[in-house]
Amino acid sequence: MAASPMSGATRGNSEGETGDRAHARFGPVTLDVVARRVSCDGTPLHLTPKAFDLLAFLVREAPRVVPKAELHRALWPDTFVSDAALASLVKEVRRELREKDHAVDLIRTVHGIGYAVGTVVEAAPVTEPDALHWVEIDGRRIRLATGDNAIGRDPASRVWLDFASVSRRHASILVDATGAMLEDLGSKNGTRVGTTTVLGQVRLQEGDVVHVGAIRMVYRTSVTGMPTETHRGA
């Protein structure tokens with residue numbers, strides 16, 4: 001069975017490092033595998049799921065150069081894809097990491113072999129938000145977790161909305177130490193804050209009214225806690 005990019009021991013760890021680098025820092029980049037978020041110089045970045053898995057795998061294995069064949073097995077188990085697909089993912093990761101702004105190649109190509117992280121990988125402290133965050137929908141209160149909170153008809157969503165006007169993966173709210181950011185995920189019926197259509201990311205403020213398709217919800221945050229009764233799901 002192919003190794004998952006998100007599991008297993010870290011063969012590439014240098015002496016004294018432990019764990020699977022679920023929270024790591026290299027250069028200006030911070031990676032949180034558990035929350036599936038990555039930032040560069042403090043700015044949240046947005047990778048497709050497969051590109052995120054590629055980056056997480058390379059970080060976990062650093063400083064080892066990972067052969068292309070191993071990356072293929074990890075990212076596309078039991079499926080044949082061309083080297084062009086892998087090269088496209090590497091290009092996406094590099095573009096999001098803004099390598100042109102830094103002297104060091106954060107993702108290094110070793111021609112004829114594979115890829116590696118091009119700088120030292122260190123453990124990063126886990127920063128939890130000082131405030132609690134939640135949304136209120138028709139009397140229900142759904143607490144938001146640190147990291148990405150998916151909104152949609154997919155039952156696995158943190159905010160599960162089983163309504164026809166809501167896409168399966170409709171939107172997401174990213175929660176970190178700086179607050180909460182709302183993003184539409186290419187939904188069919190759109191996402192709005194008040195009367196403004198969400199294009200890209202929008203920082204949420206306490207009391208903002210968010211429309212997910214035809215569903216209305218209110219974003220709440222507080223440093224003193226939330227009402228005691230918390231519900232999750234539809």
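Asp-78 is found in the loop between helix H2 (68-75) and H3; helices (H or I, at least four residues) and strands (E, at least two) are DSSP runs, numbered from the N terminus. Asp-78 has a positive phi of about 65 degrees, although it is not a glycine. With 84% relative accessibility, Asp-78 counts as exposed; the term buried means under 20% relative accessible area, exposed means over 50%, and partly exposed lies in between (1.4 Å probe, protein chains only).

Asp-138 is not a glycine either, and has a positive phi of about 50 degrees. Its place is the loop between strand S9 (132-137) and strand S10 (140-143). Asp-138 also counts as exposed, at 78% relative accessibility. Most residues other than glycine have a negative phi, and most peptide bonds are trans.

## Basis of the model

The model is predicted: local features need pLDDT of at least 70, and side-chain atom pairs count only at pLDDT 80 or more, whereas totals for chains, interfaces and linings use all residues. Residues are numbered from 1 along each chain as its sequence is written, and side-chain values use heavy atoms, with hydrogens and water left out.

## The protein as a whole

The secondary structure of the protein comes to three helices and 19 strands. Of the 234 residues in the protein, 46% are buried. The protein exposes about 12,100 Å², of which carbon and sulfur atoms supply 52%; these accessible areas come from the Shrake-Rupley method with a 1.4 Å probe.

Among contacts between residues at least 6 apart in sequence, 52% join residues at least 24 apart. A contact here means heavy atoms within 4.5 Å.

## Helix H1 and its surroundings

Helix H1 (residues 49-61) is mostly covered, with 11 of its 13 residues buried. Among the buried residues of H1 are Phe-52, Leu-54, Leu-55, Phe-57 and Leu-58, and also the residues Asp-53, Arg-60 and Glu-61. The 13 residues of H1 should span 18 Å at 1.5 Å a residue, and its end C-alpha atoms are 18 Å apart, which agrees. The expected span of a helix is 1.5 Å times one less than its number of residues.

How do H1 and H3 cross, and within what distance do their axes come? The axes of H1 and helix H3 (residues 83-97) come within 9 Å and cross at roughly 80 degrees. H1 and H3 are therefore roughly perpendicular to each other, a term that covers angles of 65 to 115 degrees. On the H1 side, the contact is made by Lys-50, Ala-51, Leu-54 and Leu-55; on the H3 side, by Leu-86, Leu-89, Val-90, Glu-92, Val-93 and Leu-97. Axes are lines fitted to C-alpha atoms, for helices over the stretch in contact, and angles run from 0 to 180 degrees between N-to-C directions.

The loop between H1 and S5 contains Pro-63. The peptide bond leading from Ala-62 to Pro-63 is cis, with omega near 5 degrees.

## The three-stranded sheet

Three strands form an open sheet in the order S5-S7-S6, with antiparallel pairing; two strands pair if DSSP finds at least two bridges between them. Strand S5 (66-67) and strand S6 (107-110) stand at the edges with a single partner strand each, so one side of each is left without a neighbour in the sheet. Helix H1 packs on this sheet and touches S5, S6 and S7, its direction making about 70 degrees with that of S7.

Four bridges link S6 and strand S7 (residues 114-117) in the antiparallel sense. Ile-107 stands opposite Val-117 in S7.

## The six-stranded sheet

A further open sheet has six strands in the order S10-S9-S19-S18-S15-S16, and its pairing is antiparallel. S10 and strand S16 (196-197) are the edge strands, each pairing on one side only. S9 is joined to strand S19 (residues 215-222) by five bridges, and the two run antiparallel. Trp-134 has Arg-220 in S19 as its bridge partner.

## Strand S14 and its partners

All six of the six residues of strand S14 (residues 179-184) are buried, so the strand is largely enclosed by the rest of the structure. A hairpin joins S13 to S14 through two residues. Strand S13 (residues 171-176) pairs with S14 in the antiparallel sense over six bridges, and Ala-171 has Asp-184 in S14 as its bridge partner.

S14 also pairs with strand S17 (residues 201-203), in the antiparallel sense and over three bridges. There, the bridge partner of Met-181 is Arg-203 in S17.

Technical notes:
Parallel < 35°, antiparallel > 145°, perpendicular 65-115°, else oblique.
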